[in-house]
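This report is meant to be read with the sequence and the 3D structure side by side. Please look at them first, and then follow the text from one part to the next.

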Amino acid sequence: MVIKTGSSAVSGVAAGPWRTAGQALVRNRPAMSALAILLLVTFACIMAPFYAHDIAHTDPFTSNVAGSFSLNGQNVDIMQPNDNPLHLGLSPAGPTWHPSAYFLGADSQGRDVAARLLYGGRNSLLISFSAALLCIGMAALVGVLSGFFGGVVDMVLSRLMDIMWAVPVYLFAISLSIVTISQGLKIGPFTVESDNLLIPIVIIALVYVPYAARPVRGRVMTLRNAEFVMAARSLGVPRWRILLVDILPNISATLVVLAPLLTALALLAESALSFLSIGVQAPAASWGTIIQDGEGLIYTRPMVAIAPGLAIVTVVLTLNILGDGLRDALDIRETSRKGS
Amino acid sequence: MNTTLLHAEGLRKEYKLPRGQTLRALDNISLEIMPGEVLGLVGESGCGKSTLGRCLLRLTELSSGTITFDGCDISSLNERAMRPLRRQMQMVFQDSYASLNPRRRIGDLIAEPLRVHPDNNGKKRSSSTIEARLAELTELVGLSTSALSRYPHEFSGGQRQRINIARALALSPQLIVADEPVSALDVSIQAQIINLFTDLKERLGLTYIFIAHDLAVVRQISTRVAVMYLGAIVEQGETDAILHTPAHPYTAALIAAVPEPVIRKNASRTLLRGDVPSPVSPPSGCRFHTRCPKAQADCAIVVPDLRPLPDGRVVACHFPLVNDP
C-alpha cells in the first residue's frame with residue numbers, strides 16, 4: 001500500500017517560516033508605514049553632517065551667541081531682545097522654517113537646533129539600536145542557559161535576574177551612569193572615557209536584560225519539553241545539537257519580536273539619562289540633551305524641546321507598531337498550522 | 001531468534017508531588033518482547049501506557065527496575081552511553097505535528113538520525129549516502145521526494161505521521177515504540193497508517209510496542225496484548241485469547257465498551273461506572289476493586305499477583321473470568 005503524497009500543492013520552493021513571515025509583514029500596511037518612517041528618520045540622521053555643512057552652513061557644536069544669519073536678504077541676530085513687554089534679556093532666534101538658516105531656531109547657546117536634532121538623532125538611534133542588540137544577546141544567553149539546563153544554573157541566573165528586576169530600571173540605570181560617568185571606567189588595561197557612547201549602551205542593555213531574558217527562558221523551557229525535543233532525544237541527538245538545531249531556531253522569532261520593543265525602551269532610557277546629563281555628554285547631542293537645552297526656553301522657544309520630543313515619540317511609536325507587525329507575522333503556529 | 005529483544009523487570013516510576021505525596025505512574029511492571037512480535041499496550045487515558053513506552057526507551061528516568069535490551073542492561077546507562085543504542089530502538093509519537101520541529105525541512109528532519117549517528121564502520125555518513133537513504137525512506141513510507149524540501153505545516157496529519165515513521169526507520173532499528181500513532185488521525189487515515197506499520201514490519205522484520213487506547217486498532221496489529229490499569233499490567237497474553245475470552249473483568253469491560261455495528265439483544269454488557277481512582281492514592285488490595293463488577297470482600301485487602309492461566313496468558317485477578325484448571 002503506497003500512496004504518493006506531498007505533491008498535491010503547486011510545486012516550487014517551499015515557503016520557509018521566515019519567508020512566510022516576511023510576506024505577512026509586507027502585507028501589513030501599518031507595519032510597513034512604520035518601517036518607512038523609521039528608515040526615513042534614520043536616513044535623515046545619518047545625513048546630519050551633510051545638512052549642517054552644505055544646507056544650514058553651521059557648526060552645531062560651538063556656541064554662537066554673538067553671531068547673526070541672513071534670512072530673505074535681511075541680517076538677523078541670533079540672540080534677540082525678549083518678546084516680553086519690558087524687552088528684558090535675550091532670547092535665541094525662533095524657528096524660521098527656512099531649511100538654510102535656523103529651521104527650528106537656535107538654542108540658548110545660539111546653535112542650530114535642526115542640525116543638533118539630526119546629530120542628536122544619530123547618537124540616540126545608535127545607542128538605542130546597539131543597546132537593544134546587546135541586551136538581546138545577553139538575554140538570549142541567560143534565557144537559554146537557565147531554560148535549557150535548569151537546576152542550579154537556572155537557580156543562580158534567575159535569582160540574579162530577580163535581584164536586578166527588584167531595582168527600578170531607571171534608578172538602576174541612573175546609579176550606574178553616575179558612577180561610570182563621574183569616574184570613567186578602568187577595566188584592566190582598558191579605559192573607557194566618560195564621554196564614550198559605550199557607557200550608555202552597556203548600561204541600558206544591562207538594565208533591560210531581565211525583561212528580555214524572562215520570556216526567552218519561558219520559551220526555552222516550553223521547547224525543552226516539546227515533543228520534537230523528546231523525539232530528538234529518542235533519535236540519540238546530542239544535547240548541544242538539540243540546543244543548536246531544535247531550540248535556538250525556535251526562539252529566534254521571540255528575539256526578533258523583542259528587538260523593536262527593546263529598541264523603543266532603550267531610546268526612552270537613553271533620552272532620560274541624557275536629559276539628566278548622565279547619558280550623552282556635552283557638546284555632543286542626543287534627543288535627551290536637546291530637550292534639556294530646551295527646558296529653560298520652554299515658554300519663549302518651545303520648539304527646542306518639542307522637536308526632539310516629537311522625534312522620540314515618532315520613533316518609539318513606529319518601533320512599537322513594527323514590533324506588533326513582527327509579532328503577528330512570526331506567529332507561525334497561529335498562521336500556518338493547518339489540519340492536524 | 002529465540003532470545004528476548006527487550007526484557008523489563010519490576011519497573012517503577014514515581015513522581016514526587018508537593019506535600020509529600022507520590023504519584024505512582026508505573027507499579028512493578030514486567031514484560032518481555034520477542035523479536036518480530038507486536039505487543040499492544042492498552043488501557044484508559046492516564047493509566048501509564050505512554051510513561052511505560054518512554055521509560056522502556058529511557059526517555060523518562062525510571063525510579064527502579066531493570067531493562068535489558070538485546071542482552072544488555074540499559075537501565076542505568078546515562079544519556080551519552082544510551083546514544084549508540086538508540087540506533088536500535090526508535091519511537092513514533094502521537095502528535096505528528098508536535099514531534100516535528102516546525103522550522104526544519106522534512107529532508108533535514110528525516111536525515112537528522114543519519115547525521116548524528118556514524119555508519120556501521122564508525123564513519124560519518126556522506127551527503128550522497130544520506131540522500132540515497134532519504135530516497136529509500138520516502139519510497140518506503142509512501143511519500144514523494146518533493147516532500148523533502150517542504151516544512152511540516154504543509155502536510156496533513158497522516159502524511160506527517162509517515163514522516164515520523166520514515167525518521168524512526170532511518171537507522172534501521174530493531175524495535176519501534178509507537179505511542180498512540182493513529183489516535184489523532186481520521187479513521188480512514190488510521191487504517192492507512194496501520195497498514196503501513198504492518199507492511200513495514202513484514203518487509204523489515206521490525207518489532208513493535210504499539211500503544212493504543214482503541215482495541216480495534218490493537219486487534220489489527222498486535223500479536224500480544226498487555227492491558228494496563230492504574231500503572232500496572234492486569235492481563236497479558238495472545239491477542240486472540242484476550243480479546244475473545246478476557247480473563248480480567250477490566251479487560252472484559254474494555255471490550256464491552258467498544259461500539260458494535262450490530263446490536264446483539266441478549267449480549268450482556270458490563271459497563272464500568274465511576275472514574276479511574278487517582279494514582280496518588282490507589283485503592284488497597286486489587287486496584288480495580290472499586291469499579292469491578294465481580295469484586296468480593298477479599299479484593300479490597302489482598303493484592304492479586306499476575307499468575308499464569310493454562311493458555312499461557314497472565315492475569316492479576318482473584319476471580320478470573322476464565323476458569324482455573
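In the hairpin that strand 4 and strand 5 of chain B form, 2 residues lie between the strands, and B:Asp70 takes a positive phi near 55 degrees. Helices (H or I, at least four residues) and strands (E, at least two) are DSSP runs, numbered from the N terminus, and two strands pair if DSSP finds at least two bridges between them. Strand 4 and strand 5 (residues 72-73) of chain B run antiparallel and are joined by 2 bridges, and the bridge partner of B:Thr68 in strand 5 is B:Asp73. Strand 4 (residues 64-69) of chain B is also joined by 5 bridges to strand 1 (residues 6-16) of chain B, again antiparallel, with B:Thr66 in strand 4 as the bridge partner of B:Glu9.

This is a predicted model, in which local features need pLDDT of at least 70 and side-chain atom pairs count only at pLDDT 80 or more, while totals for chains, interfaces and linings use all residues. Residues are numbered from 1 along each chain as its sequence is written, and chains are lettered from A and ligands numbered from 1 in the order in which they are written. The model scores ipTM 0.86 and pTM 0.81. Chain B averages a pLDDT (the predictor's confidence in each residue, from 0 to 100) of 88, and 96% of the residues of chain B score at least 70.

A second hairpin belongs to strand 9 and strand 10 of chain B, with 2 residues between them, and B:Leu230 in its turn has a positive phi of about 50 degrees. The pairings of strand 10 are set out here.

| Strand paired with strand 10 of chain B | Sense and bridges | One bridge pair |
|---|---|---|
| Strand 12 (residues 314-315) of chain B | antiparallel, 2 bridges | B:Gln236 and B:Val314 |

Is strand 10 (residues 232-238) of chain B mostly covered or mostly uncovered? Strand 10 of chain B is mostly covered, since 6 of its 7 residues are buried. A residue is buried if 20 or more other C-beta atoms lie within 10 Å of its own, exposed if 12 or fewer, and partly exposed in between, with C-beta atoms placed from the backbone.

Helix 5 (residues 157-169) of chain B has 13 residues and reaches 18 Å from its first C-alpha to its last, close to the expected 18 Å, where the expected span is 1.5 Å times one less than the number of residues. Because 12 of its 13 residues are buried, helix 5 of chain B is largely enclosed by the rest of the structure. The buried residues of helix 5, including B:Gly158 and B:Leu169, pack against elements of chain B, among them strand 6 (89-92), helix 3 (106-116) and helix 6 (187-204); two residues are in contact if their C-beta atoms, placed from the backbone, lie within 7 Å.

In chain A, A:Thr20 is in helix 1 (residues 17-27), and A:Thr20 is partly exposed because 18 other C-beta atoms lie within 10 Å. UniProt, in an unreviewed entry, places the feature "transmembrane region" at spans of chain A including residues 165-185 and 303-323; its positions are given in the numbering used here, feature names are shortened, and annotations may be inferred rather than shown by experiment. Residues 165-185 of chain A are 81% helix and 5% strand, with end C-alpha atoms 24 Å apart, whereas residues 303-323 of chain A are 100% helix and 0% strand, with end C-alpha atoms 29 Å apart.
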